[in-house]
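Work through the exercises below with the structure open. Each task is followed by its solution in steps.

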Amino acid sequence: MTWFSLHLVSLLWAVAGTSPQIQHSCSVPSAQQPLVNSIQKFMESSVTSLAFPNPSILLAMNLAGAYDLEAQKLLTSNLIASGTNDLTIGQLALTIMALTSSCRDPGDRVPLLQRQMENWVPSSPNTEASSFYGPGLAILALCQKNSEAMLPIAVRFAKSLLVNPSPFNVDTGAIATLALTCMYHKIPVGADEGYSSLFSQVLKNTVADISMRVKDDGIIGDIYSTGLAMQALSVTPEQPSQEWNCKKTMDTILNEIKQGKFHNPMSIAQILPSLKGKTYLDVPNVICSPDQELQPTLPSYPSPAPTSASNITVIYTVNNQLRGVELLFNVTIDISVKKGSVLLVILEEAQRKSPMFKFDTTMTSWGLMVSSINNITENVNHKTYWQFLSGETPLNEGVADYIPFNQEHITANFTQY
């Protein structure tokens, strides 16, 4: 999806702008609520004056109902004070939704995003599916602000999705579903039926693609894409031909939480709304209570018993074989670290042993991302980045979160998408 008028028409849009009802939902059993509360508390504890002001976290806090009101106020203030020059379309859209859910005026961010979306076109007919993620967030955010003005942009976006041949991406499909669902429910009375037909067709295709990624255990794509996919499947007016077993998905996610899989604040922010029965379409309906009392301190689940400090050996390879890049290399080193160390520790130890493994990182909303290894730096214009793999399988956690096992072969591969 993309980040992307008469008085009578305006009235028709207002009448048609009611929020869609959730079609399929499942709730967390009362016995498991402390588990959900504990990860929310952990997510909220990541908010500090020095931390990256993450709009996804504020959005999740507002939809779920914040426990730490001081953290909520701090993050809101930091987002209000933040600039827009370095924001992507997706980040700008999330900031608008986060501030809206805080009952704050996003200010000139809305017309800025509107202008960016008016100029948006896919870079090519074969544009990667993931490149529709930011524009999809933009349409979702602007649909909730001025759906009438977004109609032609949403049409362009929907038509681009219809003809895009790139492999399906669950996160992008989920955001596209939420955005087009918003637009579908805000088509004005008396409008050309072509709008409804177009949005219905794209929603039908996208929902079918999402449902094809539902695994036997209920996970949709992977555990970190499941949260957005749950939101999409719970509100779409076009249901998949095979009914989604929401309870199975919920049970598996709760089990993954018990196993400590959700320990990154951003991953929690994406799953939390679904655990609380909310979606991004609920943003305009959040009721702000600035004078509400602090909620009681939540019980934390006990930490697992510490494991022994025995060492493990990880095989670490850095590889660059891309043509057009001056320095080609493929170097491997064995690194010994304490069991339970995150991947970042392996990278730091390799760097200490050899300058060939020198690396730099960039802070993002998902945490630290490796941006450069051995002086070869990712480049958005060239569509290159450093991809980390376990064997031949891409990692779905960052270097500050992933915990390697003994004799695991980790490869950092300079990749073009």
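**Exercise 1.** Decide whether Cys182 is buried or exposed, then find its bonding partner and the handedness of the link.

Solution. Step 1: In this predicted model, Cys182 has a relative accessible area of 5%. Buried means under 20%, so Cys182 is buried.

Step 1: The sulfur atoms of Cys143 and Cys182 are 2.0 Å apart. The cut-off for a disulfide is 2.5 Å, and the two cysteines form one.

Step 2: The angle about the S-S bond of Cys143 and Cys182 is -95 degrees, and the link is left-handed.

Step 3: Cys143 sits in helix α7 (residues 133-163) and Cys182 in helix α8 (residues 170-184). The two are 39 residues apart, and the pair links distant parts of the chain.

Step 4: Cys143 has a relative accessibility of 1%, so this cysteine counts as buried.

**Exercise 2.** State where Cys26 and Cys246 lie, and classify each as buried or exposed.

Solution. Step 1: Cys26 is in the loop between α1 (7-16) and α2 (33-45), while Cys246 belongs to helix α11 (residues 246-258). They are 220 residues apart in the chain.

Step 1: Their sulfur atoms are 1.9 Å apart, and the pair forms a disulfide.

Step 2: The torsion about the S-S bond of Cys26 and Cys246 is about -70 degrees, so this disulfide is left-handed.

Step 3: The relative accessibility of Cys26 is 19%, so Cys26 counts as buried. For Cys246 the value is 9%, so Cys246 counts as buried.

**Exercise 3.** What is the phi of Cys103, and what is the phi of Asn375?

Solution. Step 1: Most residues other than glycine have a negative phi.

Step 1: Cys103 is not a glycine, yet its phi is positive, at about 60 degrees. Asn375 is not a glycine either, and its phi is positive, at about 65 degrees.

Step 2: Asn375 is in the loop between β4 (367-373) and β5 (376-377). Its relative accessibility is 60%, so Asn375 counts as exposed.

**Exercise 4.** Locate Thr361 and list its contacts beyond four places in sequence.

Solution. Step 1: Thr361 is part of strand β3 (residues 359-364). With a relative accessible area of 33%, Thr361 is partly exposed.

Step 1: Leaving aside neighbours within four places in sequence, Thr361 is in contact with Leu368, Met369, Val370 and Ser371.

Step 2: Take Ser371 from that list. Thr361 and Ser371 are 10 residues apart in sequence, and their C-alpha atoms are 5.1 Å apart in space.

**Exercise 5.** In which order do the five strands of the open sheet lie, and which strands are at the edges?

Solution. Step 1: The order in the open sheet is β2-β1-β8-β6-β7, with mixed pairing.

Step 1: The edge strands are β2 (329-338) and β7 (393-394), each of which pairs on one side only.

Step 2: Strand β6 (residues 384-390) runs antiparallel to β7, and two bridges join them. Ser390 has Thr393 in β7 as its bridge partner.

Step 3: Helix α13 (residues 343-353) lies across β1 (311-320), β2, β6 and β8 (409-416). The helix runs at about 115 degrees to β2.

Technical notes:
Residues are numbered from 1 along each chain as its sequence is written. This is a predicted model: local features need pLDDT of at least 70, side-chain atom pairs count only at pLDDT 80 or more; totals for chains, interfaces and linings use all residues. Side-chain values use heavy atoms; hydrogens and water are left out. Two strands pair if DSSP finds at least two bridges between them. Contact means heavy atoms within 4.5 Å. Axes are lines fitted to C-alpha atoms, for helices over the stretch in contact, and angles run from 0 to 180 degrees between N-to-C directions. Buried means under 20% relative accessible area, exposed over 50%, partly exposed in between (1.4 Å probe, protein chains only).
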